Amino acid sequence: MNQQTTRRLTTAQAVITFLKNQYVERDGVEQPFFAGCFGIFGHGNIAGIGQALQQMPEFRYYQARNEQAMVHAAVAYAKTRNRLQTLACTSSIGPGATNMVTGAATATINRLPVLLLPGDMFARRNVAPVLQQLESEHTQDISVNDCFKPVSRYWDRISRPEQVLTALPAAMRVLTSPAETGAVTVSFPQDVQAAAYAYPAAFFHKRVWHIPRNRPDRGVLEQAAAWIRASQRPLIIAGGGVIYAEATDVLERFVAQTGIPVAETMAGKGSLRYDHPLNLGAMGATGTFAANRIAKEADLVIGIGTRYSDFTTSSKTAFQQPEVRFININVASFDAAKHFALPLVGDAKATLEELLTMLAGYAVNENYRTHAMQLHRAWEAEVDRVYAIRNEPLPSQGELIGAVNELSTPDAIMVCAAGSLPGDLHKLWRARHPKNYHLEYGYSCMGYEIAGGLGIKLAAPERDVYVMVGDGSYLMMSSEIVTSIQENRKLIIVLLDNNGYKSIGALSRSLGQDGFGTRYVYPTNGVLPGDSAGAEVQSLPVDLATNARSLGAHVIECKTYADFVAALDTVRSIERTSVIYIQNDRYLGVPNYEGWWDVPIAEVSEMPQVEAAYSEWTTMQAQERYFLEP
Ligand SMILES: Cc1ncc(C[n+]2csc(CCOP(=O)(O)OP(=O)(O)O)c2C)c(N)n1
Ligand SMILES: [Mg+2]
């Protein structure tokens, strides 16, 4: 140690120098792990990370408008790059830091790597309480940054400069682990960031983190092959893991050889092209009748890279075959073990390749394959029908989705996260490549859409990025339009205004609650009116098109479907971020196709509609299953 050469750097300079030199390699392809750093400066990071970034412009700094948004952008970047690359995010202390907590949860829930570097209170403490410090009577060893603990896969606080020597390698291990990845938070007291230390030069040498393709236990694989051979009605559920592992080609070969049909989760949509004859489309609560019918009768479910969210399982009602059993291929043993499955803990690509060899000569019976293919065709006809609806006076969401799908370039990326759009898109979007459909539906965080679009465009500048966003999400966070203009990264934002929360409005009506609190209207006699209120209800004077224009976007306002189609054409030749604004119908929804979602209903109430909805709910709730036997 004493003989080592050292470099005297501030802790922050050491962090950035270290990050700059971290690389990952998978399948022999090497790349830098960090594409730079998003940030918003304040007194908690300006002289530390801020100074270091200024001194090292080769580690690109991106100025964000909102800390939550910048984490979403980093998450979307990582998702677009299949977790092989991400960005760091630096914030000041206090509100700047806690603004990132929601972003951290988004990353962790979606199993996507981001490195968060929030500023923290003075480690030396003598000047406390500093501006924005939350004091505690019972300890001085706490700050708002402790809020990151439950939403981070790794959390640390750097109280002395030399601690980064052990903290950052630990952070890198988690970030680059396919099974453990998520938000990593390394909290940096503002004085420590700026303090200098003689770091061993070896700490800054180039490091390449190998991303492994781990293989499952041989015996369990053999058992899985035997289960598949014995099954009569197997179904594959393709989750995000298929796409992150770049296992889509082997999945296609697997399906071609075995004839097993595929249903797709929100994160897994695009695993097969939409027009593959054995692609049944979306699975579960927002699923297609094709997927949901096959799932209902399946005797074997092969889940690949899925965490079986309630949307995927229709709140545990999707699989009704009494003897149904599960094989789960997953890098994380946590997910592989769900539903008492036979756990194939391993990389999706490596596992499918091995399983395929073991299944030589096996295929599902012809009737089953034919049945699945018929359902696929029937579903495609239903999508055609919804795309062709021409609702008046306001267009339907389904037809607008159809227009974006058909008029966007084939290699484009569409991004969405919350509202009524995700369910409609899950059913209706025709994914033409594995990156075509980018849904953040782990956290379904309103406000992800535009920020996420920015992250995608930074990760894939050669592709068109279509952001599909509702008026509610837009109002919550549209700030990164400004960043997209600053960075000259064009987004095509499709803003669907239905004057409030169409999704939660419909949910509210289904619970007997009349859309209460989900419309953008003035109160009447001190109460916000629901959907049954008459025509006297007055809308709010909100003008989102003008709002978007004021942020620097090119805005095209549409009234009709024809305007919308024309706008999708015009927008291609506009060079900066553009917003296509259109109002659409609050009430005309895409049907439910035999899926279900458990949302609890008031067990007692003074409203008869609520009581009626409750009794309907009990019938469905009774179908929820535990899967306790392998
Ligand atoms: C941050 C956040 N807050 C609340 C919710 C709950 N929520 C889900 S959808 C929604 C309304 C979305 O409105 P809008 O974007 O206009 O889409 P629409 O439902 O009208 O299609 C709300 C409040 C959420 N998903 N995320
Ligand atoms: Mg809305």
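A247 sits in the loop that runs between α9 (240–244) and α10 (248–258); helices here are DSSP runs of H or I with at least four residues, strands are E runs of at least two, and both are numbered from the N terminus. This is a predicted model, where local features need pLDDT of at least 70, side-chain atom pairs count only at pLDDT 80 or more, and totals for chains, interfaces and linings use all residues. Side-chain values use heavy atoms, with hydrogens and water left out, while residues are numbered from 1 along each chain as its sequence is written, and chains are lettered from A and ligands numbered from 1 in the order in which they are written.

Is A247 buried or exposed? With a relative accessibility of 0%, A247 counts as buried (under 20% relative accessible area is buried, over 50% exposed, in between partly exposed, using a 1.4 Å probe and protein chains only). Skipping residues up to four places away in sequence, A247 touches V242, A348, K349 and L352; contact means heavy atoms within 4.5 Å. L568 is 321 residues from A247 in sequence, and their C-alpha atoms are 32 Å apart in space.

## Helix α8

Next up is helix α8, residues 218–230. Its 13 residues should span 18 Å at 1.5 Å a residue, and the end C-alpha atoms are 19 Å apart, so the two agree; the expected span is 1.5 Å times one less than the number of residues.

Which residues of α8 are buried? They are V220, L221, A224, A225, W227 and I228. These cover an arc of only 160 degrees around the axis, so they lie on the same side of α8 (the arc is taken from the directions from the helix axis to the C-beta atoms). Their cover includes β15 (300–304), β16 (325–330), β17 (342–345) and α14 (348–358).

## Q68 in helix α3

Q68 belongs to helix α3, residues 67–80. Its relative accessibility is 17%, so Q68 counts as buried. Leaving out neighbours within four places in sequence, Q68 is in contact with N99, T102, G103, C445, M446 and M477.

## The magnesium site

What holds the magnesium ion (ligand 2) on the protein side? Its protein donors are D471 (OD), N498 (OD1) and G500 (O), at 2.0 to 2.1 Å. Donors are N, O and S atoms within 2.8 Å of the metal (3.2 Å for Na, K and Ca), and sites may look incomplete because water is not among the atoms.

Along the chain, the donors follow the spacing D-x26-N-x1-G. D471 lies in helix α19 (residues 471–476) and N498 in the loop between β21 (492–497) and α21 (502–510), so this pair ties together parts 27 residues apart in sequence. Both D471 and N498 are buried.
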